[in-house]
Amino acid sequence: MQVSRIYLGLNTPNGDNSNKAVEEREAWIACECEELFPQGCTTYDAVGIWKGDQERVIIVEIMHTSKTPADTLAKLGIAYKNYARQEAVLFTQQEITALTF
C-alpha cells in the first residue's frame, strides 16, 4: 500500500491573496477532489515556505494499492498549477509497510 500527497500553495504570483481569491482556490480544490476521488481523500491545511515566503497550503492525501490514484493525483497537481498560476506543486509518494487498526 502507498500514500501519495500533493501540496498546493494558496499564494499566487500576482499577489492576489485576498480572502475571496483564497476561498476560490479552496473551492476549486474541493470540487476537483470530489470529482477525481469519489472513494475519498484527506485534505490538510498547513503553512509552508516557498522561496522565503510563507503561505497557506492545502495537502491532498490518498492511500492506494494501484498506480492509477497516484496518476490522478499528479494530474490534479498539473491542473492546479495552471489554474492558480503556481510555479510548482510538490508531489510525494511513500510505501506503507504496516497498517493496523
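In the hairpin formed by strand 2 and strand 3, two residues sit between the strands, and Lys51 takes a positive phi near 50°. The model is a predicted one, so to speak of local features a pLDDT of at least 70 is needed, side-chain atom pairs count only at pLDDT 80 or more, and totals for chains, interfaces and linings use all residues. Numbering starts from 1 along each chain as its sequence is written, and side-chain values use heavy atoms, with hydrogens and water left out.

Strand 2 covers residues 42–50 and strand 3 covers residues 53–64, and the two pair in the antiparallel sense over nine bridges (pairing asks for at least two DSSP bridges between two strands). One of the details here is that Ile49 has Gln54 of strand 3 as its bridge partner.

Zooming out, the protein chain holds two helices and four strands, where helices are DSSP runs of H or I with at least four residues and strands are runs of E with at least two, numbered from the N terminus. Along the sequence these elements follow the pattern β-α-β-β-α-β.

As for overall dimensions, the C-alpha trace spans about 40 × 30 × 25 Å along its principal axes. Buried residues make up 31% of the 101 residues (buried is under 20% relative accessible area, exposed over 50%, and partly exposed in between, with a 1.4 Å probe and protein chains only). Of the contacts between residues at least 6 apart in sequence, 67% join residues at least 24 apart, a contact being heavy atoms within 4.5 Å.

Val60 lies in strand 3 and counts as buried because its relative accessibility is 0%. Leaving aside neighbours within four places in sequence, Val60 is in contact with Ser4, Arg5, Ile6, Leu8, Ile29, Cys33, Cys41, Thr42, Thr43, Leu73 and Leu76. Gln86, by comparison, is 26 residues from Val60 in sequence and 16 Å from it in space, C-alpha to C-alpha. Thr72 belongs to helix 2, residues 67–83, and with 18% relative accessibility Thr72 counts as buried too. Not counting residues up to four places away in sequence, Thr72 touches Leu36 and Phe37.
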